[in-house]
Amino acid sequence: MQRRTFIGTTLAAAVALFGIAASAAVPGVPVKPLPRRQRVRVAFMLGEGANVIDTAGPWEVFQDVMVHEGGHHHPFELYTVAPTDKMLRMTGGLQVLPHYSIGNAPQPEVIVVPAHRSTDESRAWLADASKGTDVTMSVCTGAFQLARAGLLKGIAATTHHDFFEDFHREFPDIELRRGLRFVDSGRIATAGGLTSGIDMALHIVSRYYGVEVAAATAAYMEYSSDAWKA
């Protein structure tokens, strides 16, 4: 089957394959549709030691989305941003050459912050760039970087379960929601560890383009979790 045909799978077919269906949001957490755009720029904020699946999971989701408004097209434009444009090492020794440095990165509509060793300069960029995003999301201990940038004040958040106590000690005033795959607080969203970033990204896709598009993307990826539908 051609990729284009499969991405166009209807919601009914996706439900048959994976049991995917829409459901209510996490109680107390506002979930509003995001503005439908012809092109959505997604910046992945990286640094030394960036976790591979925290990054690659959401990247795969966003790259696989196809919409059919005005013809078939992929609406998400993906790029990486790092303190400099020099090669950096991710987990397991994977080397990545960033598309942009924080000094010349274009303004994104979405920012994805995986677990990594950040810098003061990167967090300053994050705080500033997030003012212009539709949503800024973290994966795993990327939540620490959002908190240090001042983006989690007054909202609930989650992170990897191994780091709950560390997060609570460093940020006692932030409401930590334990045991959730992700917490969507509107313009700021946080996912738990590793594969939960895939759920969060699919959830963001559904906020832009609806459950049917997100379900078709999950089906194409052969991803059977339905946690993203919250």
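The structure is a predicted model, in which local features need pLDDT of at least 70, side-chain atom pairs count only at pLDDT 80 or more, and totals for chains, interfaces and linings use all residues. Residues are numbered from 1 along each chain as its sequence is written, and side-chain values use heavy atoms, with hydrogens and water left out.

The mean pLDDT (the predictor's confidence in each residue, from 0 to 100) of the protein chain is 88, and 86% of its residues reach 70 or more. Residues 1-28 have pLDDT below 50, and this stretch has 54 contacts (heavy atoms within 4.5 Å) in the model beyond near neighbours in sequence. Where pLDDT is low, the predicted coordinates should not be read in detail.

The protein chain contains eight helices and eleven strands, assigned as DSSP runs (helices H or I, at least four residues; strands E, at least two) and numbered from the N terminus. Of its 230 residues, 51% are buried, where buried means under 20% relative accessible area, exposed over 50% and partly exposed in between, with a 1.4 Å probe and protein chains only. Among contacts in the protein chain with a separation of 6 or more, 66% are between residues 24 or more positions apart.

Helix α3 (residues 52-64) packs against helix α7 (residues 196-209) at an angle of about 30°, and their axes are 8 Å apart. Axes are lines fitted to C-alpha atoms, for helices over the stretch in contact, and angles run from 0 to 180 degrees between N-to-C directions. The two helices α3 and α7 are therefore roughly parallel (angles under 35 degrees; over 145 is roughly antiparallel, 65 to 115 roughly perpendicular and the rest oblique). The contact is formed by G57, P58, V61 and F62 in α3 and by G197, I198, A201, L202, I204 and V205 in α7. Eight of the residues in this contact of α3 with α7 are nonpolar, two are polar and none is charged; Ala, Val, Leu, Ile, Met, Phe, Trp, Tyr, Cys and Pro count as nonpolar, Asp, Glu, Lys and Arg as charged, and the others, Gly among them, as polar.

Helix α8 (residues 211-220) is largely enclosed by the rest of the structure, because seven of its ten residues are buried. The buried residues in α8 are V213, A214, A215, A216, T217, A218 and A219. E222, which follows α8, has a positive phi, near 55°.

R123 lies in helix α4 (residues 120-129). With a relative accessible area of 16%, R123 is buried. Leaving aside neighbours within four places in sequence, R123 contacts M45, S118, Q145, R148 and A149.
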